[in-house]
Amino acid sequence: MEKSNIYIGEVIRSVMADNQITKAELARRLGVRPQSVDYMLTRKSIDTDTLYNVSRALNYDFAMLYSLHEGQTNCDIKESSYNVATAKVLVELELKPEDWAKLNLKKRISDVLK
């Protein structure tokens with residue numbers, strides 16, 4: 001079995017930063033001392049009860065990072081490049097007839113489709 005490269009303390013710190021939650025606020029939500037949050041943020045791994053409580057406190061499912069389901073993108077797997085040969089883009093605009101004429105869209109669309 002392959003060892004995980006997930007450093008959960010760093011991931012938690014990132015989620016906190018994204019949501020502008022301080023260490024003191026997370027400590028308050030968890031009912032622990034701020035020093036306990038400091039320690040947790042230095043950890044590579046934490047126990048599942050703590051992970052659950054932090055997930056609830058930050059409204060973020062950290063357990064999904066460890067999912068082994070096919071198709072799941074884990075944060076410890078490097079992203080492969082994704083190349084698109086063609087793309088289909090659908091745009092819906094509501095224009096008044098005078099705007100349609102001003103933009104000369106009939107001609108532009110016909111030029112693109114040639």
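This is a predicted model: local features need pLDDT of at least 70, side-chain atom pairs count only at pLDDT 80 or more; totals for chains, interfaces and linings use all residues.

The partner of Asp38 is Lys23, and their closest N and O atoms are 2.9 Å apart. As for the surface, Asp38 is partly exposed, with a relative accessible area of 34%. Lys23 is partly exposed too, with a relative accessible area of 34%.

Now a step back, to the chain as a whole. The protein chain has 6 helices and 0 strands. Read from the N terminus on, the order of elements is α-α-α-α-α-α. Of the 114 residues in the protein chain, buried residues make up 20%. The chain exposes about 9,900 Å², and carbon and sulfur atoms supply 51% of that area. On contacts, take those between residues at least 6 apart in sequence: 56% of them join residues at least 24 apart.

Back to the charges. How many salt bridges does a search of the whole structure find? The search finds 3. One of them is the Asp38 and Lys23 pair I opened with. As a general point, side chains of opposite charge can pair when their charged atoms come close.

In helix H2 there is also Glu25, which lies 3 residues from Arg28, about one turn of the helix. Arg28 and Glu25 form a salt bridge, with the closest N and O atoms 2.6 Å apart. Glu25 also meets Arg29 in a salt bridge, at 2.8 Å from N to O. Arg29 and Glu25 are 4 residues apart in helix H2, again about one turn. Through shared partners, the salt bridges join Glu25, Arg28 and Arg29 into one network.

Are these three residues buried or exposed? Arg28 is exposed, with a relative accessible area of 57%. Glu25 counts as partly exposed at 22% relative accessibility. Arg29 counts as partly exposed as well, at 37%.

The charged end of Lys44 sits over the ring of Tyr7, 4.9 Å from the ring centre.

Which residues form the aromatic pair? A search of the whole structure finds 1 such pair, and its members are Tyr60 and Phe62. A pair of this kind is described by the distance of the centres and the angle of the planes. For Tyr60 and Phe62 the centres are 4.7 Å apart and the planes are at 55 degrees, which is classed as tilted. Phe62 counts as buried, at 0% relative accessibility, whereas Tyr60 is partly exposed, with a relative accessible area of 27%.

Next, the nonpolar surface. Which residues make the nonpolar surface patch of about 920 Å²? They are Val89, Val91, Leu93, Leu95, Trp100, Leu103, Ile109, Val112 and Leu113. Two elements give two or more residues to the patch: helix H5, residues 97-103, and helix H6, residues 105-113. H6 gives the largest share, with 3 residues. Leu93 is one of the patch residues, and its place is in the loop between helix H4, residues 48-58, and H5. Leu93 is exposed, with a relative accessible area of 62%.

Last, two points on the backbone. Most residues other than glycine have a negative phi, and most peptide bonds are trans. Gln20 lies in the loop between helix H1, residues 8-18, and H2, and at 72% relative accessibility Gln20 counts as exposed. Asn59, not a glycine either, has a positive phi of about 55 degrees. Asn59 is found in the loop between H4 and H5 and is exposed, with a relative accessible area of 72%.

That is the end of my part.

Key
Residues are numbered from 1 along each chain as its sequence is written. Side-chain values use heavy atoms; hydrogens and water are left out. Buried means under 20% relative accessible area, exposed over 50%, partly exposed in between (1.4 Å probe, protein chains only). Contact means heavy atoms within 4.5 Å. Accessible areas come from the Shrake-Rupley method with a 1.4 Å probe; for residues, only the protein chains shown count as cover. A salt bridge is a side-chain nitrogen of Lys or Arg within 4 Å of a carboxyl oxygen of Asp or Glu. Patches are made of residues with over 30% relative accessible area and no salt bridge: like charges are joined within 9 Å, nonpolar side chains (Val, Leu, Ile, Met, Phe, Trp, Tyr) within 5 Å. Rings of Phe, Tyr and Trp (its six-membered ring) pair if their centres lie within 6.5 Å; planes under 30 degrees apart count as stacked, over 60 as edge-to-face and the rest as tilted. A charge sits over a ring if NZ of Lys or CZ of Arg is within 6 Å of the ring centre and within 35 degrees of the ring normal.
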